[in-house]
Amino acid sequence: MKTVEIPRKTFDKEARGDEARLLRLVDILQHPSETIQEFLDYALKQAIELTESRIGYIYHYNEERCEFVLNTWSEEVMEACHVEKRETTYQLDKTGIWGEAVRQRRPIVINDFQKENPLKKGCPKGHVPMTNFLTIPIFKHQKIVGVVGLANKETDFDENDLLNVTLLMEAVWTVTESKKAEQALAESEERFRALHNASFGGIAIHDGGVILECNQGLAEMFQYTREELIGMDGLLLIAPEYRELVGNNIATGYEKSYEAFGRRKNGEIFPMRLEGRNIPYKGKIVRVVEFRDITKEKETYAKTIEINRRLQDEIIERKYIEEALRASEEKFKAIIETSPDGIAISTLDGIVEFATEKSYSMWGFASDEECIGRNIIEFIHESHQQKAIHYVTEMLNGNLTGAAEYLMVKKDGSQFYCEVNANILRDKNNNPTGVLYIERDVTERKHLEEELKVLAIKDQLTGLYNRRKIDEVLINEKAEADSNDRNLSVIMVDIDLFKLVNDQYGHLVGDQVLTEVTEILAKGTRSMDVLGRWGGEEFIIICTDTDLDGATVLAEKLREMIAAHEFKLVGKKTCSFGVSQLHSHETIDALLIRSDQALYRAKDQGRNRVVTEF
C-alpha cells in the first residue's frame, strides 16, 4: 500500500502541538463522565478538535476473535449518515481500507481518499463522503485493543496529527482500562462483603495471635465491637484452660474443626467449635479462623451440620487495580465452592440469577439451568410465602431480620425445612440490585425438636400423657370449669396386685400388662376425656363436663372391661377406681386427695370396685 510522505515540522509547531495535546488530555481526565461510554465520547470529540477533523470513530478490537465492536461515532457522522442498515460489529476480513491499521499493525494516512486504491472495498449507499482519512491502532501489552479513525480535515493529515492522536488515545485507553477495573472491583467487593456479612458464624483473620480483621458475627458472639476486637490478642477470646490447645493448633497449622470454650466480654463461658487455616496475606502467612457458638446445639442435643466455611483473606490493599480485582474474584469463587451451605442470588423481583450446586440440589434440581429464570417464591410452600415476602420487604426498608426458617417444596413436591439468611446486594451508589440467600437444610433438626416436644409430655411406655402434662391439663380444665360453671370430675385407676406380676413374671411382663390396660382404658374413654399415666401402675382420667354420677358410670364400665379381659401370660387382672368431683372453690390438690382416698377405700374393700368420694 502506498502512503503519503509527511514532511518534518518545525520545533515551535511541535511544541505547540505538545501543549495542545496535554491541555486536551487534562480536560478529558477532568471531564465529569458518569460512564465509560461518555468518557470515550468526549475523548473522541477532543481528538477531532485537536486534529481539526470533521468526523471520527472509536472501535474496540478483539485479537482472538478478529472482531471490531463500535464504541463511538462522532455526532456529525450520525447526522450525515443515511445508511439504511448500520452495523456495529465487523470481522477483520470483511473490512476495507479502514481495517489496514490492524492488518499492518501501524497507523494509516490517506490524504486523497477519492483516489483509486486496491485495498478499498467500497462504501454502502448513504455513507458520509470522505476527503481524507487517518486511522491509528491502540496497543495494550503488545495487543491491539482498539482503533481510532478521523476524517475530512480541511488540510492534509501530517506527522504531528499522528503523534498527537497516538499519544492522546494511549493515555485515554489507559484511563479507560482503569475505570473498567475500578467498576468491576467495586462489584466484586460488594459480592464478597455481602457473603462476609451474611455468614452464620464469627470470622477472624489474625497474624501471630493479633486479630487483623473480623466480621460482625464475631463481635456479636463475644459481645465486643469490631473496633475493640481488631488489634486484640485472639487468645483472650478463649477460656483460660483451652488457650494452650488453641495456641498449639494455630502454631502447627491444624486445619480440622475442634471444640473449645470461649469467653465473652462479660466473662460468660460458652462452648464453641473452631476451624482455621493458613492463607497468604501481604507476602506472609496469616490465619483465618471460624468461630461457631454451639451452646444451643449442646442444650438441645441436636446434631447440626458441621460447618466448614473458610474465608479467604480480606482484600489486599491494591497496588494495581487489576491485581486487586483478581484476588477479590478468587476469594468469592473459593467461598462459593467450599461453602457447605447453599448460596443463591435473585433479582429484587425474586427471579433466580445464580445458584450453587448445593443450592439447586437442595431444591431437587439436577443443574442450575433448571432453576435459573424461575421465581424463588415457587420453591417456598404457599403457607410460608407471605412470610418470605415480608422479610425481603423489611430488608429493603433497612430493617435487618437475620435468619428465618421456611417450609420449602422440592421439584418432586416433597417438603423440607430450610434456614435462610438473606442480604440485599447493592451497587456503588447503595441502590439495591438483588438478594443474596445462604440456605441450610434443617429438616433433621426440626424433626428432633418435634420428638423432644413429644418426649416432654408423653409417657415412654404407654404413650399416654405423663404427669407433667396431666398437671397442665388439670390447671386449664379447672380454670374453664370455674369461669363457665361447668362440672369436672377425676377418676384414679390402680392395677390390683400389680407387684405380684413383676415379682412372679418379671418387669417385661409387667410392662405388657400396663400396655394392655392402657389400650382398654383408651378404648373405653370418651373423646372428651383426658387419659394419662399418673405413675407406676396408676392411671388418671380427667372427665370434662361430667358430674360425679357420670364419672362413676364411666369408671364402672372401664372396671368391667378390664375384669373381662384375658391378659397375655397372666390371665385375669382387675383394677380399683376412685372417683371425685370438683367442688366450688376447691383446689386441684384437694380434688386429687379425695380421688386418692376413694381409691384407697376401694382397695380396702376388696379391690376390683369403684368408690366415690363426696
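## Basis of the model

Residues are numbered from 1 along each chain as its sequence is written, and side-chain values use heavy atoms, with hydrogens and water left out. Because the model is predicted, local features need pLDDT of at least 70 and side-chain atom pairs count only at pLDDT 80 or more, while totals for chains, interfaces and linings use all residues.

Helices (H or I, at least four residues) and strands (E, at least two) are DSSP runs, numbered from the N terminus.

## The mixed sheet

An open sheet of 5 strands has the order β18-β19-β17-β22-β23, and its pairing is mixed. Two strands pair if DSSP finds at least two bridges between them. The edge strands, each pairing on one side only, are β18 (529-535) and β23 (610-613). On average, neighbouring strands of this sheet are turned by 20° against each other, direction ignored. Strands of a sheet pair through backbone hydrogen bonds, either parallel or antiparallel.

Strand β17 (residues 488-495) runs antiparallel to strand β19 (residues 538-544), with 7 bridges joining them; Val490 has Ile542 of β19 as its bridge partner. β17 also pairs with strand β22 (residues 575-581) in the antiparallel sense, again over 7 bridges, and here Cys575 of β22 is the bridge partner of Ile495. The pairing of β22 with β23 is parallel and spans 4 bridges. Thr612 in β23 is the bridge partner of Val579.

## Burial of β17

Strand β17 is mostly covered, with 8 of its 8 residues buried. Buried means under 20% relative accessible area, exposed over 50%, and partly exposed in between (1.4 Å probe, protein chains only). On one side of β17 the buried residues are Leu488, Val490, Met492 and Asp494, and on the other they are Ser489, Ile491, Val493 and Ile495.

Helix α15 (residues 498-505) and helix α16 (residues 507-524) pack at an angle of about 140°, with their axes 7 Å apart. Axes are lines fitted to C-alpha atoms, for helices over the stretch in contact, and angles run from 0 to 180 degrees between N-to-C directions. α15 and α16 are therefore oblique to each other; angles under 35 degrees count as roughly parallel, over 145 as roughly antiparallel, 65 to 115 as roughly perpendicular and the rest as oblique. In this contact (heavy atoms within 4.5 Å), α15 contributes Phe498, Val501, Asn502 and Tyr505, and α16 contributes His507, Val509, Gly510, Val513 and Leu514. By class, the contact of α15 with α16 has 6 nonpolar, 3 polar and no charged residues. Ala, Val, Leu, Ile, Met, Phe, Trp, Tyr, Cys and Pro count as nonpolar, Asp, Glu, Lys and Arg as charged, and the others, Gly among them, as polar.

The axes of α16 and helix α17 (residues 548-564) cross at roughly 140° and come within 10 Å. α16 and α17 are therefore oblique to each other. Their crossing is right-handed; a crossing is left-handed if the near helix is turned anticlockwise from the far one by less than a right angle, and right-handed if clockwise. Val517, Ile520, Leu521 and Gly524 of α16 meet Leu554, Lys557, Leu558, Met561 and Ile562 of α17. The classes in the contact of α16 with α17 are 7 nonpolar, 1 polar and 1 charged.

## The antiparallel sheet

A further open sheet of 5 strands has the order β13-β12-β16-β15-β14, with antiparallel pairing. Its edge strands, β13 (352-355) and β14 (403-409), each pair on one side only. Neighbouring strands of this sheet are turned by 30° against each other on average, direction ignored.

Between β14 and strand β15 (residues 415-426) there are 7 bridges in the antiparallel sense. Glu405 has Glu419 in β15 as its bridge partner.

## Two residues with positive phi

Most residues other than glycine have a negative phi, and most peptide bonds are trans. Cys66, although not a glycine, has a positive phi of about 50°. Cys66 lies in the loop between β1 (55-62) and β2 (67-73) and counts as partly exposed because its relative accessibility is 33%.

Asp485 is not a glycine either, and its phi is positive at about 55°. The loop that holds Asp485 is between α14 (467-484) and β17. With 75% relative accessibility, Asp485 counts as exposed.
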